[in-house]
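This briefing concerns the sheet of a predicted model, the helices against that sheet, and the nonpolar cores. Please consult the sequence and structure shown below.

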Amino acid sequence: MAKGTADHRKAGSATAEAAANIAFIKYWGAVDLEAAIPANPSISMTLSSCVSRCSCRPLVGVSEDEILFRDESGSLNPAVAAFAGRVRGHLDRLRARMGYEGYFRIATENSFPAGAGMASSASGFCALALAVSASVEGGAPDPEELSIRARISGSGSATRSAMGGYVVWPSEPSGEGPAKIRFPASHWDLRDLVAVVQTEEKKVSSLDGHKLAPTSPHYRRRLEVLPERMERVVRALSERDFATFADVLEEEAIDLHLIAMSSRPAVFYWKPATLAVLEQVRRMRSDGLEAASTMDAGANVHVLCTPESEPAVAERLAKIPGVGRVIADRVGSGPRLLDSEVN
Ligand code: DP6
């Protein structure tokens, strides 16, 4: 069901789980930032272990939503104002889309600690969209509708977490989504080792980064070369050609940070250890390992690798000075509904 008028009396509790994703070609710059309409297409891999879980319970006789978040101590507490505000904004847009007027109790937790330097907005808002949809409509919407419902959170990357495997979010014709599965998770068992070099929250949000992107003198050229780069990454995935995949993945990651660093004002996400990881991963490749780096808008490095190379890559990453921990994840099969509540 896309739009409609949902019946209050039929709403029940629902719990959903969705994973984070790592972009190979990045969403960076928007045509409409508030609606998260991207200026360029992107492609990502949906992860498996780095997940958000969200329970949605309809409330009666209240006039606002209750937003809870599991904090570091492990207890479920009212969420901090900024997070609660983003969630309420997403709930309002979901209610409008589904034609539902009631309020909810929302309880969210992440499988990865807040200090792990992993972005939780894509997984969090996708899990929220699925839990609320299932609560109001009695089941999951189709994946394409879920993808759109995740996008209207304002976290554009959430639109890709609605699907498993290797996922394209096209910018044409309207950029409103939905995302599409380009290859299922079973196509290629890629691993993602996240070398965590920064645990505090980044100083410039992706939202501000999107806004600043067009101020870079290199931004126009980026948009020109992206179609060819997208073609190359899709071909490399299709043929499971790791060498080409590594080239294009790193080219794109550097380009994203080139745009950020040449924006006005300039945005620097890297830490010295970021560069150390990039260098070490190149060295790993010349030593015959299949490993390739990418970064989102942050200092941590996602090292994509094959299962055969994973143990050696993990060992070498953990030894790099400045790498606090290495989080191991892999391609995953997309969001799902769960039986047990977040409580
Ligand atoms: C660099 O606007 O989706 O990760 O809401 O903070 O998750 P958040 O950001 P969003 O921008 C994502 C920017 C990116 C690239 C990408 O994932 O495509």
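An open sheet is built from four strands in the order S11-S12-S10-S13, with antiparallel pairing. Strands (E, at least two residues) and helices (H or I, at least four) are DSSP runs numbered from the N terminus, and two strands pair if DSSP finds at least two bridges between them. The model is predicted: local features need pLDDT of at least 70, side-chain atom pairs count only at pLDDT 80 or more, and totals for chains, interfaces and linings use all residues. Residues are numbered from 1 along each chain as its sequence is written, and side-chain values use heavy atoms, leaving out hydrogens and water.

- Strands S11 (291–294) and S13 (325–330) are the edges, each pairing on one side only.
- Six bridges join S10 (residues 191–196) to S13 in the antiparallel sense, and alanine 195 stands opposite valine 326 in S13.

**Helices on the sheet**
- Helix H7 (residues 272–286) packs on the sheet and touches S10, S11 and S12 (301–305); contact means heavy atoms within 4.5 Å.
- Helix H8 (residues 310–318) lies across S10, S11, S12 and S13.

**Nonpolar cores**
- A nonpolar core is a set of buried Ala, Val, Leu, Ile, Met, Phe, Trp, Tyr and Cys residues joined through side-chain atoms within 4.5 Å, where buried means under 20% relative accessible area (1.4 Å probe, protein chains only).
- The largest such core has 34 residues, and Phe245 is among those with the most contacts inside it.
- Helix H5 (219–238) provides the largest share of this core, six residues.
- A second, separate core of 30 residues includes Cys54 and Tyr100.

Notes. Axes are lines fitted to C-alpha atoms, for helices over the stretch in contact, and angles run from 0 to 180 degrees between N-to-C directions. Buried means under 20% relative accessible area, exposed over 50%, partly exposed in between (1.4 Å probe, protein chains only).
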